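Here's a quick briefing on how a protein fold is put together. Have a look at the helices, the strands and the charged side chains before you read on.

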Amino acid sequence: SGQTIVSYFYSPHCSGHLAVRDLIDRLKAQDTNLDWREYDITTQNGTLAYLAFANEYNLSENLRTVPRVLVNGKIFTDSKNINESLETTLEEVN
């Protein structure tokens, strides 16, 4: 489709997820050109998607944390990094 895919991996009760949820919701609402895919890792489908992502990017088990966002091969880790860098990156890819 040519759309940029944004994959967001999270656990709904994680403090990091709660710290970025408002930003994620705002970015999703303001940019309909992005293909947002959210994966709750506490569900079977979310776990499978996260494992596939972790394997594709060779993340060792100690690096398999959430929240994480993937945009065009660039991985954003932890709520501070996501809050500080994700919006700018999404503006650059659009």
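Helix H2 (residues 44–56) lies across strand E1 (4–10), E2, E3 and E4, and runs at about 110° to E2. Keep in mind that this is a predicted model: local features need pLDDT of at least 70, side-chain atom pairs count only at pLDDT 80 or more, and totals for chains, interfaces and linings use all residues. Residues are numbered from 1 along each chain as its sequence is written, and side-chain values use heavy atoms, with hydrogens and water left out.

**Helices on the sheet**
- H3 also lies across E1, E2, E3 and E4, running at about 150° to E4.
- Helices (H or I, at least four residues) and strands (E, at least two) are DSSP runs, numbered from the N terminus.
- The angles run from 0 to 180 degrees between N-to-C directions, using axes that are lines fitted to C-alpha atoms, for helices over the stretch in contact; contact means heavy atoms within 4.5 Å.

**The sheet itself**
- You'll find 4 strands in an open sheet, ordered E2-E1-E3-E4, with mixed pairing.
- At the edges sit E2 and strand E4 (74–77), each pairing on one side only.
- From one strand to the next, the twist averages 15°.
- Two strands pair if DSSP finds at least two bridges between them; strand E3 (residues 68–71) and E4 have 4 bridges and pair in the antiparallel sense.
- Val71 has Lys74 in E4 as its bridge partner.

**Salt bridges**
- The whole structure has 6 salt bridges (a side-chain nitrogen of Lys or Arg within 4 Å of a carboxyl oxygen of Asp or Glu).
- Glu38 and Arg21 make one of them, with their closest N and O atoms 2.8 Å apart.
- That pair links distant parts of the chain, as Glu38 is in strand E2 (residues 34–40) and Arg21 is in helix H1 (residues 15–30), 17 residues apart.
- Arg21, Asp25, Lys28 and Glu38 are linked in a salt-bridge network.
- Asp35 and Arg37 also meet in a salt bridge (2.8 Å, N to O).
- Glu84 and Lys80 form another (2.9 Å, N to O); they are 4 residues apart in helix H3 (residues 79–93), so about one helical turn separates them.

**Buried or exposed?**
- Buried means under 20% relative accessible area, exposed over 50%, and partly exposed in between (1.4 Å probe, protein chains only).
- Arg37 is partly exposed at 34%.
- Glu84 is exposed at 53%, and Lys80 is exposed at 54%.
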